[in-house]
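Here is a briefing on the structure shown below. Take a look at it before you read on.

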Amino acid sequence: MRYCKDFIVVENETITSTLFILKLQYPETLPEIKAGQFVEILVEGNKDVFLRRPISIHDVDIEKNQISLLIQIVGKGTDQLSNLKIGDTVNLIFPLGNGFTIVGNRVLLIGGGCGAAPLLYLARVLKQRQIKSDILIGCKDVNHLFSKKEYESLSNLHIATEDGSCGLKGLVTSHKILEEDFDAIYCCGPTPMMKAISKHAKEKNIPCYVSLEHKMACGFGVCLCCVVDTNLGNKRTCVTGPIFLSSELKDF
Amino acid sequence: MNNADKRLEVTIKDMVLRNPVMTASGTFGYGYDFEDFMSLESLGGIVVKATTGGNREGNAYPRMAETSSGMLNAVGLQNKGVDYFCNTLYNKIKDINTNMIVNVSGSSVEEYVEVAEKINELKNIPGIELNISCPNVKQGGMAFGTDPKMAAEVVKAVRKVYNKTLIVKLSPNVTSIVEIAKSAEGEGADSLSLINTLLGMAVDTEKRKPLLSTVTGGLSGPAIKPVALRCVWQVAKQTKLPLIGIGGIMNARDAIEFILVGATAIEVGTANFINPAISQEIVYGISQYLDRHNIKNIADIRGII
């Protein structure tokens, strides 16, 4: 079941000049939301923004019926959203997409930049299911690191920064945690990073789940704009994905 | 839901619509995709995704670009073909309690005829919308809708094999839409729906490349509503057929505008992506409009401009 409902903004936390976290209150009881699912958020107040924006669910607080969205300002739509104030109403279509398939006893989560957004809620779900996880976050510098305390409370956190201001200096692909054995890898971030990780996973014969970000008009399966080329032909990122096994994707 | 508002009932040939609000092909899936958000029975009709003779994978990604007050798409008639529709999809939609109309497309007259002939056998499909106006396929599609002779040829051929309500969907990408409309009317079309998308393009200045894989695509949304209204108004003056107005309808007021210029019914398209319950809300909004103006029947305001 998918819903089209209003939420109330309860927090708008600035991480960097182009990154912010919206915490949204649902006035009813939240339905079941899977890690890796996303919402389509209506952007109001800018006449140049016509379509909704698909945004990953960063975290879910089932007790409080709140969800968090980590948003990077990339254009007019996300810029408009960054102006939301506490008490404002936003309309979401949710929950959308397939979400992560949870497998194994020990798994590795790898996130790059704001692409890491869905991994926090995944780490939370894994902990609830008593699945041991390591999480490797790659970002530009320490200022671009978000939700660090939460990650630490849920998983073994490893960090790689481009300038070495926190954790390993370098890219996630050179982190030694990759040498260890895992039952699955969950990866979200820039496409080149996901491709590199998926290549590594293939060599080690580990299933690798990646989260794709495609332009979409609707987000719930009808516009057919967000297709991705898979071994079984064109599939819609919004309903068959956004999580795919990398081995299913033609381009990976 | 105000299903019982008899003032809204309209007729298109043999099809009785409980209200003039339909949904446009390619924006409403196969109907059931919207069940979570609204009551499908509240609608006058649903036009499902274009169906062609064989399986089509459609165009390469990217297929969509947002524009000012609208969007471009270049989906390219992705569908699994008419046999899959008849054997699988039909069973999933045949009990939806509204007029389920199939949008029929093809690359040749023979393909249109093949699809129409097979759909004709499906008991719970009261009509087809002949898509001679898709701008996103290399062969066929819009080619049939931009040449009056080709339009006449395909409508004539389909009319021979199809005996239920035949709607022909017109392209705005022509010098005279009236000429194409008359061709279709002359060969036995029962109704015309207009307009399909306007051919357009968008450019990424950073990458210095087109935003669509196909370079050009079809523009939809409120940006095209003035063009659509003009087309409906022109065709309404020159043909006797019931018209279905399409193009940028976002609310009940937009729908009423189309009815005022001569449309019997309307199709809601791109708005479904932004508010998946909008078509049902438009039905309610039209009722309220009739209340507010003390209008006894929707027909009383049809084509008064």
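This is a predicted model. In chain A, residues 24 or more positions apart account for 61% of the contacts with a separation of 6 or more. In chain B, that share is 73%. The points below take chain A, then chain B, then some local details.

**Chain A: overall build**

- Chain A contains four helices and 16 strands.
- Its C-alpha trace spans about 50 × 40 × 35 Å along the principal axes.
- The radius of gyration of chain A is 17 Å. A compact globule of 252 residues would have a value near 18 Å, so the two agree.
- Of the 252 residues in chain A, 56% are buried.
- Chain A exposes about 11000 Å². Carbon and sulfur atoms supply 47% of that area.
- There are 28 positive and 28 negative side chains in chain A. The centres of these two sets lie 3 Å apart.

**Chain A: two domains**

- Chain A is divided into domain 1, residues 3–96, and domain 2, residues 106–211.
- The centres of domain 1 and domain 2 of chain A, taken over C-alpha atoms, are separated by 23 Å.
- How many residues of domain 1 of chain A are in contact with domain 2 of chain A? There are 15 of them, and they touch 14 residues of domain 2.

**Chain B: overall build**

- Chain B has nine helices and 16 strands.
- Its C-alpha atoms fill a box of roughly 55 × 50 × 40 Å, taken along the principal axes.
- For 305 residues, a compact globule would have a radius of gyration near 19 Å. Chain B has 18 Å, which agrees.
- Buried residues make up 63% of the 305 residues in chain B.
- The accessible surface of chain B is about 11700 Å². Carbon and sulfur atoms account for 49% of that surface.
- Chain B carries 31 positive and 31 negative side chains. The centres of the two sets are 3 Å apart.

**Chain B: an enclosed helix**

- Helix α7 of chain B runs over residues 252–260.
- Why is helix α7 of chain B described as largely enclosed by the rest of the structure? Seven of its nine residues are buried, and buried means under 20% relative accessible area.
- The buried residues of α7(B) are A252(B), D254(B), A255(B), I256(B), F258(B), I259(B) and L260(B).
- Which elements do the buried residues of α7(B) pack against? They pack against two helices of chain B, α6 (225–238) and α9 (278–292). They also pack against two strands of chain B, β15 (243–246) and β16 (263–268).

**Chain B: a buried tyrosine**

- Y90(B) lies in helix α1 of chain B, which covers residues 82–93.
- Is Y90(B) buried or exposed? Its relative accessibility is 9%, so Y90(B) counts as buried.
- Leaving aside neighbours within four places in sequence, Y90(B) is in contact with F85(B), L122(B), K123(B), N124(B) and I125(B).
- Y90(B) and I125(B) are 35 residues apart along the chain. Their C-alpha atoms are separated by 8.8 Å.

**Chain B: cis peptide bonds**

- Y61(B) and P62(B) are joined by a cis peptide bond, with omega about 0°.
- P62(B) sits in the loop between β4 (45–51) and β5 (64–67) of chain B.
- A cis peptide bond also joins L194(B) and I195(B). Here omega is about 15°.
- I195(B) is in the loop between β10 (191–194) and β11 (198–201) of chain B.

**Positive phi angles**

- N205(A) is not a glycine, yet its phi is positive, near 60°.
- Where is N205(A) found? N205(A) is in the loop between α4 (191–203) and β13 (208–211) of chain A.
- At 70% relative accessibility, N205(A) counts as exposed.
- N294(B) is not a glycine either, and has a positive phi of about 55°.
- N294(B) lies in the segment after α9 of chain B.
- N294(B) is exposed, with a relative accessible area of 66%.

Key
Residues are numbered from 1 along each chain as its sequence is written. Chains are lettered from A and ligands numbered from 1 in the order in which they are written. This is a predicted model: local features need pLDDT of at least 70, side-chain atom pairs count only at pLDDT 80 or more; totals for chains, interfaces and linings use all residues. Side-chain values use heavy atoms; hydrogens and water are left out. The radius of gyration is taken over C-alpha atoms; the globule rule is 2.2 Å times the number of residues to the power 0.38. Buried means under 20% relative accessible area, exposed over 50%, partly exposed in between (1.4 Å probe, protein chains only). Contact means heavy atoms within 4.5 Å. Accessible areas come from the Shrake-Rupley method with a 1.4 Å probe; for residues, only the protein chains shown count as cover. Lys and Arg count as positive and Asp and Glu as negative; His and the chain ends are not counted. The place of a charge is taken as NZ of Lys, CZ of Arg, CG of Asp or CD of Glu. Domain bounds come from an automatic or database domain assignment.
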